[in-house]
Amino acid sequence: MMQDRLERFLARLYTERTFREAFLADPAAVGAREGLSAEECRAVAAIPTDHLGRAARSFASKRNTKPPPPSILSRFFAR
Amino acid sequence: MAPALVSEPLPVPDQVRDRLSPEHARDRVGLGWRPELAAGIFAHLDRIDVLEVVADNYLAASRAHRRGLRMMAQQVALHVHSIDLGLAGAEEVATARLEPLARLVGDIEPEGWSDHLAFMRAHGIEIGHLAAPPRTEASVENTARNLRKAARIVGTMPALENIATLIDPPGSTLSEPDWISRIIAAAGCGLLLDVQNVHANAVNFGFDPLHFLDRIPIESIRYLHIAGGRWITPADGGKPYLLDDHLHEVTEPVFDLLAEVAARATQPLTVVLERDGDYPPMAALLGELDRARAALARGRARAQVQPGSVIGGA
C-alpha cells in the first residue's frame, strides 16, 4: 500500500468534482487509471458514496471560508 | 454587542470536593483565543486558566501583535495550536512551513505547541482542511519522520491531535486508537486528545468511545479539546451524522467522556474549549468551562473511590 499514491487519489476525490463523478461512475476503472493497486482500488471503491459527498462538501466549505478578521490584539497591545 | 453577563461558577458538590485528588487541584480549563472574544477573555482571566492561540493566524503577524501575545503568555498559560502542517501526510513537512512557526513559538514562548494527525495536501493538491490518512505502518513511520523534523526546527516536539473525519480512511490496516498509539510510541510525542472528535467519530462510525480510551496511552495526554457540533440529516433521508463544527455548545456526552478521561488519568489535565463562531455571550462560554471543571472533578472523585467507568455509573 503506497500512502503517497493513495493520499493523492483521496485529495483529488475531495477537491475535483469531475474526478469524483468519474470515480463514482466507475471506481475500479478510475482507480486503475490512476495507478492504484488492486487492493487500493477495492479500498477506495468501498467508500460509501454519501460519506464521500459529505466530506467533499465539508472540505469545499473550509476552502471557501474567508480568512479570519484581523486580530484586535493591537487594540490592547500595539503602540 | 450586548455586554457579557457574568455568571457564577457551578458549585462542586461537597461530597465531590471532599474526594478531590491532588491531580485535580492542578487541572486547568481554558479557551481558544479568538479576537472576537478578546474583551470577554481579558475581563474574566480569573476564570480562564489557559488560552490556546491558532498559530496560522499569526505566522505573518506584526512585531506588535507578537509582543501582545508574548505579554499575554506572561499573564496566562498559553498554547500554540497549528493547523496547516499536515504532519501525518506522506509528504515530508516543508521547512518553509516550519520556520515561520518556529519564529512564532520562539517569540511567544508558549507552554507548548500542537498540530493534527492529518494530511492537508498531496502532490500540490490543497484539500483545505484536515483529512484522515490511511492508518498504516507506513503512515506511522511518515508521521514520526515529520515529527522529528518539526521538533528539530521548532525546538520542541508538538502534541498531536486526533481529528474528526467524515470518511473512514480507505486502505487502513490499523484502528484509529492503535494508529495513534503507534505514532506516540514511535515519535515520543504527546497526545492532544480532542474529546469531541472521539465522540463524533464514535457516533458516526459506530464504535464505543470507551474502547477507544482503553486503547490509547492515557498517560501521553498533554491536554484536551472540547467543542460542540451539530447533527445533520441528509436531504435524501440518509442516516444523520454529527458534524464537528465548533459552532455549538458542548454536549453532555462530551463532558461524560471528559470525566472518563479524568477518572483514568493520573497526570494533571488541561482542557481547552474550542469555539470558532456564532459566539454566545461570554457568560455561556464561562458556563461551559465550569461544566468542564465539574466533569474533571467528577472523574477525579470517581477514580478516588471506585476505579472504572464514570459513564453510565451510579
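This is a predicted model: local features need pLDDT of at least 70, side-chain atom pairs count only at pLDDT 80 or more; totals for chains, interfaces and linings use all residues.
This briefing walks through chain A, its contact with chain B, and one strand of chain B with its neighbours. Chain A is built from 5 helices and 0 strands, and 35 of its residues are in contact with 33 residues of chain B. In chain B, the focus here is strand S8 (residues 190-194), where 4 of the 5 residues are buried.

**Chain A overall**

- Read from the N terminus, the elements of chain A follow the order α-α-α-α-α.
- Chain A has 79 residues, and 27% of them count as buried.
- Taking the contacts in chain A with a separation of 6 or more, 50% come from residues 24 or more positions apart.

**How H1(A) packs on H5(A)**

- A helix pair is described by the angle between the two axes and the distance between them.
- For H1(A) and H5(A), the axes come within 8 Å and cross at roughly 75°.
- Angles of 65 to 115 degrees count as roughly perpendicular, and H1(A) and H5(A) are therefore roughly perpendicular to each other.
- On the H1(A) side, the residues that meet H5(A) are A:Leu13, A:Tyr14 and A:Thr15. Their counterparts in H5(A) are A:Leu52, A:Ala55, A:Ala56 and A:Phe59.
- By class, the residues of this contact are 6 nonpolar, 1 polar and no charged.

**Where chain A meets chain B**

- The contact involves 35 residues of chain A and 33 residues of chain B.
- On the chain A side, the elements that give two or more residues are helix H1 (3-15), helix H4 (38-45) and helix H5 (49-64).
- H1(A) supplies the largest share of that side, with 10 residues.
- The side of chain A that touches chain B has 19 nonpolar, 6 polar and 10 charged residues.

**Strand S8 of chain B and its neighbours**

- Is S8(B) enclosed or open? With 4 of its 5 residues buried, S8(B) is largely enclosed by the rest of the structure.
- Strand S7 (residues 159-161) of chain B runs parallel to S8(B), and 3 bridges join the two. In this pairing, B:Gly190 of S8(B) stands opposite B:Ala159.
- S8(B) is also joined to strand S9 (residues 221-226) of chain B by 4 bridges, again in a parallel arrangement. Here B:Asp194 has B:His225 in S9(B) as its bridge partner.
- Together with helix H7 (residues 176-187) of chain B, S7(B) and S8(B) make a right-handed β-α-β unit.

Conventions
Residues are numbered from 1 along each chain as its sequence is written. Chains are lettered from A and ligands numbered from 1 in the order in which they are written. Two residues are in contact if their C-beta atoms, placed from the backbone, lie within 7 Å. Ala, Val, Leu, Ile, Met, Phe, Trp, Tyr, Cys and Pro count as nonpolar, Asp, Glu, Lys and Arg as charged, and the others, Gly among them, as polar. A residue is buried if 20 or more other C-beta atoms lie within 10 Å of its own, exposed if 12 or fewer, and partly exposed in between; C-beta atoms are placed from the backbone. Two strands pair if DSSP finds at least two bridges between them. A crossover is right-handed if, with the strands pointing away from the viewer, the path from the first strand over the helix to the second runs clockwise. Axes are lines fitted to C-alpha atoms, for helices over the stretch in contact, and angles run from 0 to 180 degrees between N-to-C directions. Angles under 35 degrees count as roughly parallel, over 145 as roughly antiparallel, 65 to 115 as roughly perpendicular and the rest as oblique.
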